Amino acid sequence: MNKVSVHKNLRTGDEKTIKYLFEELSPRSVVFAQSMVRDMDVAKDIVQNTFTKIWSSNLSFDSTYHFRTYLYNSIKNAAINHIEREKKHVRDVVDLPQATIEKNIIETEIEAEIYRQINMLSPARKDVIMNRLQGMTIEDIALKLGVSKATVKTHLILAKRDLKTKLKDIYIFLIFFPL
């Protein structure tokens, strides 16, 4: 596509011209966006979304210069909006009281340890306890695993006993320091 046809077709908002310009300008546009957001994937998304918005808005441009100016301003604004959203997210996390942050860390560590211990159970006990944690009834677990309700109950009792022994330190901790 030559400059004359690009110039002519920009006035009409021709789809092929926009695609051509995307292919031509996209690499430089991504570098421009990345210089602001510091993340290649985010930069690529910003550029693609910007081109999509330009194409879907049916805008026409008098020249490739006007198109590029509009494109780069749109990318700059999208990058600034992304940065502002990220700052707000960081501010939201930073504004949490220290006690809440510590509580979230402790809860995450306790949950991770519980699941680590569950994963160390025998396969049958692990299946039963995981299904139970997902809210399934004993009857549903028995049907799913193809075993009797009594077998499910036995595995559940043994899994709870094993976990209680392995997690006694956490249990004692929670008694003295409830979250």
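## Aromatic pairs

Phe32 counts as partly exposed at 27% relative accessibility, where buried means under 20% relative accessible area, exposed over 50% and partly exposed in between, with a 1.4 Å probe and protein chains only. Tyr72, at 23% relative accessibility, is likewise partly exposed. Phe32 and Tyr72 form an edge-to-face aromatic pair, 5.2 Å centre to centre with 85 degrees between the planes (ring centres of Phe, Tyr or the six-membered ring of Trp within 6.5 Å; planes under 30 degrees apart are stacked, over 60 edge-to-face, the rest tilted). Phe32 lies in helix H2 and Tyr72 in helix H4, so this pair ties together parts 40 residues apart in sequence; helices are DSSP runs (H or I) of at least four residues, numbered from the N terminus.

The count comes to 2 aromatic pairs. Phe22 and Phe51 also pair edge-to-face, at 4.8 Å centre to centre and 90 degrees between the planes; Phe22 is partly exposed at 29%, whereas Phe51 is buried at 4%.

## Basis of the values

This is a predicted model, in which local features need pLDDT of at least 70 and side-chain atom pairs count only at pLDDT 80 or more, while totals for chains, interfaces and linings use all residues. Residues are numbered from 1 along each chain as its sequence is written, and side-chain values use heavy atoms, with hydrogens and water left out.

How values were computed:
Helix = DSSP H or I, 4+ residues; strand = E, 2+ residues; numbered from the N terminus.
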